[in-house]
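Hi,

Here is the structure I said I would pass on. Have a look at it first, and then read my notes below.

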Amino acid sequence: TERERQKIKAEFKQLHQFLEAQERHLLAKLKDLDDRIEVKWNAHIDKLSAEISAVDLLIKEMEEKQKQPANEFLQ
């Protein structure tokens, strides 16, 4: 029975090592995915910020034009 006990312990140790390696691998893949998502997210945020700035500029231009007398505005 002692030999069988040692065999079982060795098999479980091997399984634990395999599972730990799998965990490290999957966690590394998840971190890579997180990093790629963050890069894309930041790119979208930058683009959106630029678009918001452009719209703000257009709004300010329209507000300035609205302050002009009607005859100047229509020209």
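Let me start with a contact: Lys31 forms a salt bridge with Asp35, and their closest N and O atoms are 3.0 Å apart. By salt bridge I mean a side-chain nitrogen of Lys or Arg within 4 Å of a carboxyl oxygen of Asp or Glu. Both Lys31 and Asp35 sit in helix H1, four residues apart, which is about one turn of the helix. Lys31 counts as exposed because its relative accessibility is 51%, while Asp35 is partly exposed because its relative accessible area is 33%. The cut-offs here are under 20% relative accessible area for buried, over 50% for exposed, and partly exposed in between, with a 1.4 Å probe and protein chains only.

Before you go further, a word on the ground rules. This is a predicted model, so local features need pLDDT of at least 70 and side-chain atom pairs count only at pLDDT 80 or more, whereas totals for chains, interfaces and linings use all residues. Residues are numbered from 1 along each chain as its sequence is written, and side-chain values use heavy atoms, with hydrogens and water left out.

Back to the contacts. How many salt bridges does a search of the whole structure find? The count is four. Another of them joins Arg36 to Asp32, with the closest N and O atoms 3.3 Å apart. Arg36 and Asp32 are also both in helix H1, four residues apart, about one turn of the helix. Both residues are partly exposed: Arg36 because its relative accessible area is 49%, and Asp32 because its value is 40%. Then there is Lys67, which forms a salt bridge with Glu64 at 3.6 Å between the closest N and O atoms. Lys67 counts as exposed, because its relative accessibility is 64%.

Now the overall picture. The protein has two helices and zero strands; these are DSSP runs (helices are H or I, at least four residues; strands are E, at least two), numbered from the N terminus. Along its principal axes the C-alpha trace spans about 105 × 15 × 10 Å. The radius of gyration is 32 Å, but a compact globule of 75 residues would have one near 11 Å. That radius is taken over C-alpha atoms, and the globule rule is 2.2 Å times the number of residues to the power 0.38.

What share of the 75 residues counts as buried? The figure is 0%. The accessible surface comes to about 7600 Å², of which 60% belongs to carbon and sulfur atoms; areas come from the Shrake-Rupley method with a 1.4 Å probe, and for residues only the protein chains shown count as cover.

UniProt, in an unreviewed entry, places a "coiled-coil region" at residues 16–65. Its positions are given in the numbering used here, feature names are shortened, and annotations may be inferred rather than shown by experiment. In the model, the span of residues 16–65 is 100% helix and 0% strand, and its end C-alpha atoms lie 72 Å apart.

His16 lies in helix H1, which covers residues 2–66. This residue counts as partly exposed because its relative accessibility is 48%. From His16 to Ala50 is 34 residues along the chain, and their C-alpha atoms are separated by 50 Å. Ala28 is in helix H1 too, and the C-alpha atoms of Ala28 and Asn42, 14 residues apart in sequence, are 21 Å apart in space.

Cheers
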